[in-house]
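Me: I have a structure open and want to go through it piece by piece. Can we start with the metal site?

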Amino acid sequence: MTKLPTGKPIIPFSPTADDQGNPTICHCCGRRAIGIGMAPKGDPAYVCGECVLLVEELRKVRRLDVYELAALDGAVDAMGDYINAKGLTDLQFYDELDQRLLAKAAVMGFADRLRKLLRDGAAPF
Ligand SMILES: [Zn+2]
């Protein structure tokens with residue numbers, strides 16, 4: 001995973017379990033995980049309900065960070081679509097709901113693009 005200058009990963013989707021071993025966050029997209037993990041030891045690499053359909057593709061991926069970087073374009077596209085649908089390009093006029101919906105569009109756009117890249121099986125480099 002790509003690291004920040006601080007040494008922390010850019011998208012910290014790990015650990016995927018809490019101290020009691022309960023699933024917390026999806027190893028792939030960062031949404032809420034369910035109790036299906038991909039790793040036999042260490043962090044269980046739990047995945048969400050949507051990413052569980054891509055477990056076989058995920059097992060083949062050695063470096064998820066290149067997919068994550070390519071999936072950022074999905075977040076940008078989704079934010080652009082939201083802003084165009086809203087018809088208001090100056091974000092200072094967005095109320096709290098609009099701000100949250102814009103952020104949700106980015107998160108969903110990222111996750112959807114990441115799953116699409118994995119499903120298509122084409123390496124994004
Ligand atoms: Zn997921």
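Me: What geometry does the site of the zinc ion have?
Reply: The site is tetrahedral, with angles of 103 to 117 degrees among the four donor atoms. Bear in mind that this is a predicted model.

Me: Which residues are the protein donors?
Reply: The donors are the SG atoms of C26, C29, C48 and C51, lying 2.3 Å from the zinc ion.

Me: How are the donor residues spaced in sequence?
Reply: The spacing is C-x2-C-x18-C-x2-C.

Me: C26 and C29, buried or exposed?
Reply: C26 is buried, and C29 is buried too.

Me: Zooming out. How many helices and strands are in the chain?
Reply: The chain has three helices and two strands. Along the sequence they follow the pattern β-β-α-α-α.

Me: And what box do the C-alpha atoms fill?
Reply: Roughly 50 × 35 × 30 Å, taken along the principal axes. Of the 125 residues in the chain, 34% are buried. Among contacts with a separation of 6 or more, 44% are between residues 24 or more positions apart.

Me: Now the core. Which residues touch the most other members of the largest nonpolar core?
Reply: Y67, L114 and L118 do, in a core of 25 residues. Helices α1 (55-60), α2 (64-86) and α3 (96-120) each supply at least two residues of this core. There is also a second, separate core of six residues, with Y82, I83, L102 and A105 among them.

Me: Why would such residues be buried together?
Reply: Nonpolar side chains tend to be buried together in soluble globular proteins.

Me: Back to L118. What is L118 in contact with, leaving aside neighbours within four places in sequence?
Reply: L118 is in contact with C28, L54, E57, L58, V61, L64 and Y67.

Me: How many residues does α3 have, and how far does α3 reach?
Reply: α3 has 25 residues and reaches 36 Å from its first C-alpha to its last, close to the 36 Å expected at 1.5 Å a residue. The buried residues in α3 include L102, A105, G109, F110, L114 and L118. What covers the buried residues of α3 includes α1 and α2.

Me: Switching to charges. How many salt bridges does the structure hold?
Reply: Nine. One of them pairs E50 with R115, with 3.1 Å between the closest N and O atoms. E50 sits in the loop between β2 (46-47) and α1, whereas R115 is in helix α3, 65 residues apart, so the pair links distant parts of the chain.

Me: What about K86 and D98?
Reply: Their side chains meet in a salt bridge at 3.1 Å, N to O. K86 lies in helix α2 and D98 in helix α3, so the pair ties together parts that are 12 residues apart in sequence. K86 is partly exposed at 39% relative accessibility, and D98 is buried at 8%.

Me: And where do K116 and D120 lie?
Reply: Both lie in helix α3, four residues apart, about one turn of the helix. An α-helix has 3.6 residues a turn, so residues three or four places apart point the same way. K116 and D120 form a salt bridge, with the closest N and O atoms 2.7 Å apart. K116 is partly exposed at 42% relative accessibility, and D120 is partly exposed with a relative accessible area of 49%.

Me: Which residues do salt bridges that share partners join into one network?
Reply: R31, E50, D112 and R115.

Me: Last one, A45. Where is the place of A45?
Reply: A45 is in the loop between β1 (36-37) and β2.

Me: Is A45 buried or exposed?
Reply: A45 counts as buried because its relative accessibility is 7%, and the cut-off for buried is under 20%.

Me: What does A45 touch, not counting residues up to four places away in sequence?
Reply: A45 touches T16, H27, I36, G37, M38 and A39. From A45 to G35 is 9.7 Å, C-alpha to C-alpha, with the two 10 residues apart in sequence.

Conventions:
Residues are numbered from 1 along each chain as its sequence is written. This is a predicted model: local features need pLDDT of at least 70, side-chain atom pairs count only at pLDDT 80 or more; totals for chains, interfaces and linings use all residues. Side-chain values use heavy atoms; hydrogens and water are left out. Donors are N, O and S atoms within 2.8 Å of the metal (3.2 Å for Na, K and Ca); water is not among the atoms, so sites may look incomplete. Four donors count as tetrahedral if all angles lie between 85 and 135 degrees; four count as square planar and six as octahedral if opposite donors are over 155 degrees apart and all others between 65 and 115; anything else is irregular. Buried means under 20% relative accessible area, exposed over 50%, partly exposed in between (1.4 Å probe, protein chains only). A nonpolar core is a set of buried Ala, Val, Leu, Ile, Met, Phe, Trp, Tyr and Cys residues joined through side-chain atoms within 4.5 Å. Contact means heavy atoms within 4.5 Å. A salt bridge is a side-chain nitrogen of Lys or Arg within 4 Å of a carboxyl oxygen of Asp or Glu. The expected span of a helix is 1.5 Å times one less than its number of residues.
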